[in-house]
Amino acid sequence: MSTNRSYKAQQVLDRMAQKLTRQMVGSLVACVHCGNCTEACHYVQANPGDPTYAPAYKADRTRRLFKKHFDWTGRVLPWWVKGGTVTTDKELTELKDIVFGKCTNCRRCSVNCPMGVDFAVLNRMARGLLVHVGIMPEGVAVVSKDQWEIGNQMGVLPEDYRETIEWMSEELCEEVGDEGAAIPIDKPDANIVYTINPREVKYDPRSIADAAKIFWAAKESWTMPSEGWDMTNFGLFSGDDDLGGAVARRVYDKVRELRGKKLVMSECGHGYRSTTCEGPNWSQTDIDFELESSVITMLRYVKNGTIKVDPVKNDSSYTFHDSCNNARSCGLLEEPRELLGLVVGDFREMHPNRAENYCCTGGGGAMSMSEYTPQRLKSAIVKANQLKATGAKYVVTSCHNCVDGLADLIKHYQLDMQVTQLVSLVASALVIEKPAGEAESGEEPEG
Ligand code: SF4
Ligand code: SF4
C-alpha cells in the first residue's frame, strides 16, 4: 500500500480488483476515443463546449485507475496509456460528482458505441466503489438505508402499506358495487403475485386501485404480498450489488412462500430490469416462477378479450416516453405501444424513440440527488424539446421514476402537458358489462 494514499482511496482500488468482470474489462480496454457516443448524451447536448460531460471523458476518470493498477501496459508505461490513480478523499469526492452528478446511466451512449463499450456499466461500478467507502450523495445514502432496513426505498412502514391497500380496496368495491373486488393480501396459490413501486403507496395509490380494477375485470386469481412487495431496487442505481441481491431475494422469497405462479411487476423501468434481469445474478438465486411486466399482462387481457376496452374513453392526445431501463436494457419496445394504441384514439410517436429515446433525466437515481438538480434540469431541455414537438397533452410512460422526472421537467419548462401511465389509461378505458338481466346503471368507470 502506498504510504500517502488515504484509507478510502486504497479501499476503492482494492474493491475495484474484486469487481472487474470480463464485461467491464471489455469496456475499459475497447474505447478508441472516436467520439461517436458524444452527441448521444443529453448532458453533452445541453452543455455545448463543455468536454467534461462527454461519455468518453467521464469513462476515462475510471478507466485511468484500471490502466494504472490492473492493465499490464499501464503498469509498465502508465504515461503511454494515460493511467492514473487516486490518493486523496478529495479526489474521490470529485469522482463522485462525475459518476453520480453527470450521468443517469441511461445507456444511450452504450448503444451508440461501435466498439461495444458500455459506459453505464462502468459508471455503475464506479458508483459502487464509492458507496463501499461511504462517499455518495446524501439522498443515495438515505434511500439505500431505507431499503436495507425498512424493506422498501421510500421507508413506507408495514402498517401504512396495509392501510393504503385497504383504503384502495374499499373505494374500488364501492365504485364497482362488488365486494369481490377487494384486494387480496397474502393469498396463497394465486396465479399472480403483484409487486409495486413504493411511490405508488406514498404518492399515487390510485395506480394500485387501477391495477386492482383491471385484475377484478379480468377475474384474475391474484394477490399482493404483505412483505417483499417493493420490486424497485436501489442497488441498480447505487452500484451496491449486495443491496441489489438482498432486495431481489426478498421479493423472490415471498413469491415462493405464497406459492405464486407468476410475479408481475407494475410499471417501473428500473424495477423491471432489476427484478427480471439483474436480480437473479445479484442474489445468486434460481427463479422457479414466471416474471412479467404488468404491461404484458394488460396487453394479453385486451388482446385475448379477457377485458374489454373502449379507446374513445381516453379522448385526449397521447405520446409515449420509453423508459431507458425498459427499452434500452430490457427490450420492452412494442408491447407498450401496442397497448397504448388499443386504449387511446390519438397516439403520437415521439422522435427519436424506442432504444434511441432520450432519458427522462431523472434516471439512475437522479431524483434523489438534490445537489445536482440544477444540472439535471438544464440537461432536461433535450427531453422538453422532444415532448413539445409531439403537441400531445399527455405523455404516457411505463415507469414511476420517469413519471417524477418528466413531471419535474414539465413544470420547470412550463409545458402544457401531463404525465400518466398505461395502468390508468387501461382502467379508464374498461368497459364493464353488466350481468344478464341486471338493469344498466349508466355509471361510467372512473379513470
Ligand atoms: S465509448 Fe465507444 S463511441 Fe465513445 S469514444 Fe469510446 S469507442 Fe468511441
Ligand atoms: S449513460 Fe446516458 S447520461 Fe450517462 S454518459 Fe451515457 S448517454 Fe450520457
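A crossover is right-handed if, with the strands pointing away from the viewer, the path from the first strand over the helix to the second runs clockwise. This is a predicted model, in which local features need pLDDT of at least 70, side-chain atom pairs count only at pLDDT 80 or more, and totals for chains, interfaces and linings use all residues. Residues are numbered from 1 along each chain as its sequence is written, and side-chain values use heavy atoms, with hydrogens and water left out.

Strand β7 (residues 394-397), helix α21 (residues 400-412) and strand β8 (residues 418-420) form a right-handed β-α-β unit. Helices (H or I, at least four residues) and strands (E, at least two) are DSSP runs, numbered from the N terminus. β7 and β8 pair in the parallel sense over three bridges; two strands pair if DSSP finds at least two bridges between them. Y394 stands opposite Q418 in β8. β5 also pairs with β7 in the parallel sense, over four bridges, and T319 has V395 of β7 as its bridge partner.

Next comes the interior. A nonpolar core is a set of buried (under 20% relative accessible area, 1.4 Å probe, protein chains only) Ala, Val, Leu, Ile, Met, Phe, Trp, Tyr and Cys residues joined through side-chain atoms within 4.5 Å. The largest one has 48 residues, and Y194, I214, M224 and I307 have the most contacts inside it. Helix α12 (206-217) is among the elements that each supply at least two residues of this core, and α12 gives the most, with eight. Because domain 2 (158-303) and domain 3 (311-429) both give residues to this core, it lies between them; the domain bounds come from an automatic or database domain assignment.

Conventions:
Chains lettered and ligands numbered in written order. Buried < 20%, exposed > 50% of the residue type's maximum accessible area, 1.4 Å probe, protein only.
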